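Trainee: I have a model open and want to learn how to read it. Can we take it feature by feature?

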Amino acid sequence: MNNNQNYSQLKAMLAISKASFRSITRSPSAVVFTLVFPLIFITVFGFLKGGSVSLDVALSPGCDTKNPIYIGMISNPAFSVQEKMDTTTQKKLLLKGTLDAIVNIQRSATDSTYNVKLYTTMASAEKGIIAKSMLEHLIDKLNLKSANITTPMAKIEQEQLQGRIYETIDFILPGQLGFSLLSTGVFGTAFVFFNLRQTLVIKRFFATPIKRPYIVLGEALARMVFALLGAMFLILLGHYAFGFTLVNGLTTFVDMVILSAIGLIVFMGFGFVVSGIAKNEGTIPPLANIVTLPQFLLSGTFFGIDNFPSWLQPVCKILPLTYLNDAMRKVAFEGAGLMDVSAQLGVILLWGVIIYFAAVKVFRWE
Amino acid sequence: MQKNSIIQVNNLEKKYESFHAVKGISFEVQEGEIFGILGPNGAGKTTTLEIIETLRDKTSGSVSVCGLNIETQANDIKQLIGVQLQAAGYYPSLTLVELLLLFSGLYNREINPMNMLAKVGLEDKAKAKFKELSGGQKQRFSIATTLINQPKIIFLDEPTTGLDPQARRNLWDLIRNVRDEGATVVITTHYMDEAEQLCDRVAVMEAGKIIALDTPDALIDQLVATGFERKKEVKKANLEDVFLSLTGNEWKDE
């Protein structure tokens, strides 16, 4: 037959990609993992506007309110002052940390000075310190005024550099993107190849002239296109709806998509390993969770890895997602190019080499 | 009409670790015939078929398909044959039309999916999923996927197992059509009535060996010549004829 020589493996591979892509878009779990979960987190954190300090302070019953200290407090937006609360409730809330401080201002019985008593709590130690220093600052100013000192011996001139405003979304979105790529890569790949074997779809492919590696490539391509479209959607939604910073605009966007692709390829390697060692469908989720959960928690998805105790840091520092998240944040917020994150990329690619070496060892066709 | 052999099997053997599935069989399939491989479960029918289809490695012996060697020219063979597996799966969420387009890509052939479905009487199921089909419809669809590359040989592994009498007859008609359009058909089955009606020649396998090979007529004549007689007088019709005359013989949506 004259067609024999012209058989195109590429054409056959693309037919698989197309069919597989259709199949993925109709699978609820793929859509949930890739888009819905990250979207929920991004939305929740996108609306959490961090930034200014807020101090919950209660006034003790009988606190003098006809003095400049009190007026200074309530006119400062950092203080959220609770009045009309009985002592027992105040104590209880303070111990829980719901209140940051209790203030009691009393006029001296003998002269025109005031005595300010501040109760703070270990339950909200940091804010207690802030409350104390803000009150001190307020009182210092009043003291200077009452002593008629108009030229203090020293004063601070603070000059704030016009940095970029680092919003919560700038931290959360790269983390969620990394997590989305990780779960799509691992779960998607693990289930697909296991199912293709179980349901004999792959056996039917074997009976057609396509060569085996092209079957894998075709399936992998479909996953990649789907996951990268998801990544682009998340980045653009974050940018336009929640003000996610893309320092160099389109260049940053493209760099992030390239990083996503590299991360995804490595994560898919984990998926291949899981599908190779899983004995039945029920063992896939636990195995996949062993790969994804520690990275979800320890790779700086929700908070920086600096927050973990020092004995846990080494674990954080070997996980590939840590480096992907790190590289993403550097690229997105600091405007780093791909060359500037080559150290992170190096670790990710090293993982890739290791995991694909393992994947080739455990991969099963039947 | 001059008959050429299109498949040659010589001394084919297949050993699994603890099981000798095929024990040195030889046969030829002629171009344009419907060739049946009969035998009980575990006789080695599927193993033999899958070796010829280049899906399974042989232990020893030689097999050539359309003049091509199964070991060195597997990919060329795959372009010339259509394979219906005893158990095969399709992407569960795709429609029949989408699946046919997938296979048209896999075979590098341009097809009109609706024409393919019309060939097997499934035009009205174009938007259905494979799992929503009845047993007979599933088998007809599987055959449709094997016809995409206009194969010279079609392999059917127990296509009628589990089907009701009407669905079996529908499938027989379809298989005859495929043959009449020029393909050679190799089919395995448990049903002797099927082999008798459909096959030009049959090989009977048992425990990895071919114990008889001839036309159904000749095999029956040989048995009768040994003095064999049925215990019961044969009537002009059997229960299946009764069933079919009561329930109808047309293609129906089983």
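Trainee: Which residues of helix 3 of chain B are buried?
Mentor: First, the terms. A residue is buried if 20 or more other C-beta atoms lie within 10 Å of its own, exposed if 12 or fewer, and partly exposed in between; C-beta atoms are placed from the backbone. Helices (H or I, at least four residues) and strands (E, at least two) are DSSP runs, numbered from the N terminus. Now the case: the buried residues are B:Leu96, B:Leu99, B:Leu100, B:Leu101, B:Leu102, B:Phe103, B:Ser104, B:Gly105 and B:Leu106. That is nine of the eleven residues in helix 3 (residues 96-106) of chain B, so the helix is mostly covered.

Trainee: What should I know about the model itself?
Mentor: It is predicted: local features need pLDDT of at least 70, side-chain atom pairs count only at pLDDT 80 or more, and totals for chains, interfaces and linings use all residues. Residues are numbered from 1 along each chain as its sequence is written, while chains are lettered from A and ligands numbered from 1 in the order in which they are written.

Trainee: What is the mean pLDDT of chain A?
Mentor: pLDDT is the predictor's confidence in each residue, from 0 to 100. Chain A has a mean of 81, and 94% of its residues reach 70 or more. Among its elements, helix 1 of chain A has the highest mean (90) and helix 2 (residues 28-47) of chain A the lowest (76).

Trainee: What do the buried residues of helix 3 of chain B pack against?
Mentor: Two residues are in contact if their C-beta atoms, placed from the backbone, lie within 7 Å. Here the partners in chain A are helix 1 (9-25) and helix 7 (201-206). Those in chain B are helix 4 (113-119) and helix 5 (135-147). Just after helix 3 of chain B, B:Asn108 has a positive phi of about 60°.

Trainee: How many residues does each chain give to the contact?
Mentor: Chain A gives 26 residues and chain B gives 23. On the chain B side, helix 2 (74-80) and helix 3 each supply at least two residues.

Trainee: How do I read a nonpolar core?
Mentor: It is a set of buried Ala, Val, Leu, Ile, Met, Phe, Trp, Tyr and Cys residues joined through C-beta atoms within 7 Å. In soluble globular proteins, nonpolar side chains tend to be buried together. The largest core here has 141 residues; A:Val186, A:Ala190, A:Val274, B:Ile153 and B:Val185 touch the most other members. Helix 6 (residues 168-198) of chain A gives the largest share, 16 residues. A second, separate core has 15 residues, including A:Leu55 and A:Leu59.

Trainee: Why does A:Tyr70 count as partly exposed?
Mentor: Count its neighbours. A:Tyr70 is partly exposed because it has 19 C-beta neighbours inside 10 Å. A:Tyr70 sits in helix 3 (residues 68-74) of chain A. Leaving out residues up to four places away in sequence, A:Tyr70 touches A:Asp64, A:Thr65 and A:Ile105.

Trainee: And why does B:Arg168 count as buried?
Mentor: B:Arg168 has 23 C-beta neighbours inside 10 Å, so it counts as buried. B:Arg168 lies in helix 6 (residues 165-180) of chain B.

Trainee: In which sense do strand 1 and strand 2 of chain B pair?
Mentor: Two strands pair if DSSP finds at least two bridges between them. Strand 1 (residues 5-16) and strand 2 (residues 19-30) of chain B pair in the antiparallel sense over nine bridges. A hairpin joins them through two residues. B:Leu12 has B:Ile25, in strand 2 of chain B, as its bridge partner.
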